[in-house]
Amino acid sequence: MSGLLHRLGFACLLLPLLFSAAGAQDAASPDIGKPIDGHADTTYADLVRMVVPDLTAKDDYYVGSSPIEMRHIAGPENDSSPPEATSIFNPTVLSIKAGGKDRLAMLVDLGESPDSAEGYAVLALYDLTSKPKLLDAVNVATDRFTFFRHPAKLSLGAGDDALMISSTHFNSSQGYMSTPVILVRNDRFELIDIIYTLDENDCSYRRSQNLAFQALGDGQPYAAIKATISDKTTPNEEDCGEPPPPAASSDISVTYRWDQKTSRYVADSDAFDKLSAENEKRF
């Protein structure tokens, strides 16, 4: 029960992110028991049940056991076991374009994995054009708590979107964030990259690393993706017994371009890898 309360408390912290200034690029959190748009006889719980087959209602939430077998978005070396039992309140959903078709992406955090420090979060892809159909499902948890980023998608052209997921955990002075960037191709999820950032709130300073994305049209089937981390250090005025670091600010950018030979996105530098290695020294 403590894990359930922990997840519920974290979900409450995320409510402002899910509902403030919501727009077409943002995920929504519908009532799991409500019918989906255009399908009066199918609820969001029915969609989740395609992933967790024995999902049943209990009070104001739903419970179920292990989900169907699925791969991890980052590859088999990241596979972990799902929880044997899970509690689900409301999933988050996002309408996207993939291959020129309308698709629905749904993210369901199932809780803690029994054999990993990371959580277990299912990203599922549905075709709702006729009878709702599950097309793909992957585990996208790369940290303890997983949710759609704000904004949650980036247009790569008239018929395709990239999805951005956030996975995080935090302690008293540091916040750790990983951001999987995902492409849907041939109705399957494909990882573009995972970008890692670190925030610190020390007595003498605050350091933040804010990530932003921009699509760059370059004539390829999918637009290039420019990702920029704004790394900023701000000294505090408190007397902490040691001098604060000087104020500093810099932008670190990597552009991912579609490579037709390998049929995947390729980064133009290893700047994010270097930043991640530097951040690890501060853990």
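**From a loop into the strands**

Asn-186 sits in the loop between β13 (174–185) and β14. Keep in mind that this model is predicted. Start with the backbone of the residue. The phi of Asn-186 is positive, about 55°, although Asn-186 is not a glycine. Is Asn-186 buried or exposed? Its relative accessible area is 68%. The cut-off for exposed is over 50%, so Asn-186 counts as exposed.

Asp-59 is exposed because its relative accessibility is 74%.

Now move on to β14. Which residue pairs with Arg-188 in a salt bridge? The partner is Asp-136, and the closest N and O atoms are 4.0 Å apart. Arg-188 belongs to strand β14 (residues 188–201), while Asp-136 belongs to strand β10 (residues 133–139), so this pair ties together parts that are 52 residues apart in sequence. The two ends of the bridge have their own surroundings. Arg-188 has 41% relative accessibility, so it counts as partly exposed. Asp-136 has a relative accessible area of 5%, so it counts as buried. Another residue joins in. Arg-71 is linked with Asp-136 and Arg-188 in a network of salt bridges.

Next, follow β14 to its neighbour. β14 and β15 form a hairpin, with three residues between the strands. The two strands run antiparallel, and two bridges join them. One of the paired positions is Asn-201, whose bridge partner in β15 is Arg-206.

Tyr-205 has Pro-235 as its bridge partner in β16. Side chains connect this pair of strands as well. Asp-231 forms a salt bridge with Arg-207, and the closest N and O atoms are 2.6 Å apart. Asp-231 is in strand β16 (residues 224–235) and Arg-207 is in strand β15 (residues 205–216), so the pair ties together parts 24 residues apart in sequence. Asp-231 and Arg-207 are both buried.

In what order do the five strands of the open sheet stand? The order is β5-β10-β9-β8-β7, and the pairing is mixed. The edges are β5 (71–72) and β7 (92–98); each has a single partner strand, so one side of each is left without a neighbour in the sheet. Why can strands line up like this? Strands of a sheet pair through backbone hydrogen bonds, either parallel or antiparallel.

Look at β8 and β9 inside this sheet. They pair in the antiparallel sense, over eight bridges. Leu-107 has Leu-123 as its bridge partner in β9. A salt bridge is found here too. Arg-103 and Asp-127 form it, with the closest N and O atoms 3.2 Å apart. Arg-103 is in strand β8 (residues 101–112) and Asp-127 is in strand β9 (residues 119–127), 24 residues apart, so the pair links distant parts of the chain. Arg-103 and Asp-127 are buried. By the distance rule, the count comes to eleven salt bridges.

The largest nonpolar core has 22 residues, and Val-48, Ile-88, Met-106 and Val-122 have the most contacts inside it. The elements giving two or more residues to this core are α2 (44–49), β8 and β9. Another core, of 21 residues, lies apart from it, and includes Val-181, Phe-213, Ile-252 and Trp-258. What does Val-122 touch? Leaving out residues up to four places away in sequence, it touches Val-51, Met-70, Met-106, Leu-107, Val-108, Leu-110, Ala-137 and Val-138.

The peptide bond from His-150 to Pro-151 is cis, with omega near -5°. Pro-151 is found in strand β11 (residues 145–157).

How values were computed: Residues numbered from 1 in each chain as written. Predicted model: local features only at pLDDT ≥ 70, side-chain atom pairs only at ≥ 80, totals over all residues. Heavy atoms only, no water. Salt bridge = Lys/Arg side-chain N within 4 Å of Asp/Glu carboxyl O. Helix = DSSP H or I, 4+ residues; strand = E, 2+ residues; numbered from the N terminus. Buried < 20%, exposed > 50% of the residue type's maximum accessible area, 1.4 Å probe, protein only. Pairing = 2+ DSSP bridges. Core = buried A, V, L, I, M, F, W, Y, C linked by side-chain atoms within 4.5 Å. Contact = heavy atoms within 4.5 Å.
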